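I opened a new notebook page for this structure today. Here is what I looked up, entry by entry.

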Amino acid sequence: QVQLAEPGGGLVQAGGSLRLSCAASGNIFRIDTMAWSRQAPGKQRELAARINSGGHRHYAESVKGGFTISRDNAKNTMYLQMSGLKPQGTAVYYCHAEVVRTGRAGANYWGQGAKVTVSS
């Protein structure tokens, strides 16, 4: 089994910063693309940022310039640094990853979600 743990989240004032982390554990052979998606109240879940095993990054237009995604392959951990947060950044942030387990084909795994509230 594979678990993605994402502690953190919380309340931050508009203009503030917050860093989320996502640690993968379990029977892991390799982690390919890792990503953060978010779901704002009353809206559909959307991809915010993703990073592949080589470090290539992709950002949604809505977060460019404010979010930075990174990963530490040695620790099987991914981060999302959020700066200049706005109230519309209020959402549940989910980490997910394409994980190849030893002796198994790759599959997508999701964290439990971290609630981020940006107050105006």
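**Entry 1: ground rules.** I take helices (H or I, at least four residues) and strands (E, at least two) as DSSP runs, numbered from the N terminus. The model is a predicted one, in which local features need pLDDT of at least 70 and side-chain atom pairs count only at pLDDT 80 or more, while totals for chains, interfaces and linings use all residues. Residues are numbered from 1 along each chain as its sequence is written, and side-chain values use heavy atoms, with hydrogens and water left out.

**Entry 2: a loop residue.** I started with Asn76, which sits in the loop between strand E7 (67-72) and strand E8 (77-82). Its phi is near 50°, a positive value in a residue other than glycine. I noted for comparison that most residues other than glycine have a negative phi. Is Asn76 buried or exposed, or something in between? Buried means under 20% relative accessible area, exposed over 50%, and partly exposed in between, with a 1.4 Å probe and protein chains only. Asn76 has 25% relative accessibility, so it counts as partly exposed.

**Entry 3: the whole protein.** I counted zero helices and eleven strands. Reading from the N terminus, I wrote down β-β-β-β-β-β-β-β-β-β-β. The radius of gyration is 14 Å, close to the 14 Å that the globule rule gives for 120 residues, so the protein is as compact as a globular protein of that length. That radius is taken over C-alpha atoms, and the rule is 2.2 Å times the number of residues to the power 0.38. Along its principal axes the C-alpha trace spans about 50 × 25 × 25 Å. Buried residues make up 42% of the 120 residues.

**Entry 4: contacts across the sequence.** I call it a contact when heavy atoms are within 4.5 Å. Among contacts between residues at least 6 apart in sequence, 57% join residues at least 24 apart.

**Entry 5: strand E11.** Strand E9 (residues 91-101) runs antiparallel to E11, joined by three bridges. Tyr93 stands opposite Ala114 in E11.

**Entry 6: two arginines.** I found Arg38 in strand E4 (residues 28-39). Arg38 has 9% relative accessibility, so it counts as buried. Arg38 and Val92 are 54 residues apart in sequence, yet 5.5 Å apart in space, C-alpha to C-alpha. Arg50 lies in strand E5 (residues 46-51). Arg50 is partly exposed, with a relative accessible area of 35%. With residues up to four places away in sequence not counted, Arg50 touches Thr33, Met34, Ala35, His56, Arg57, His58 and Ile69. I also checked Arg50 against Leu85: they are 35 residues apart in sequence and 19 Å apart in space, C-alpha to C-alpha.

Methods:
Pairing = 2+ DSSP bridges.
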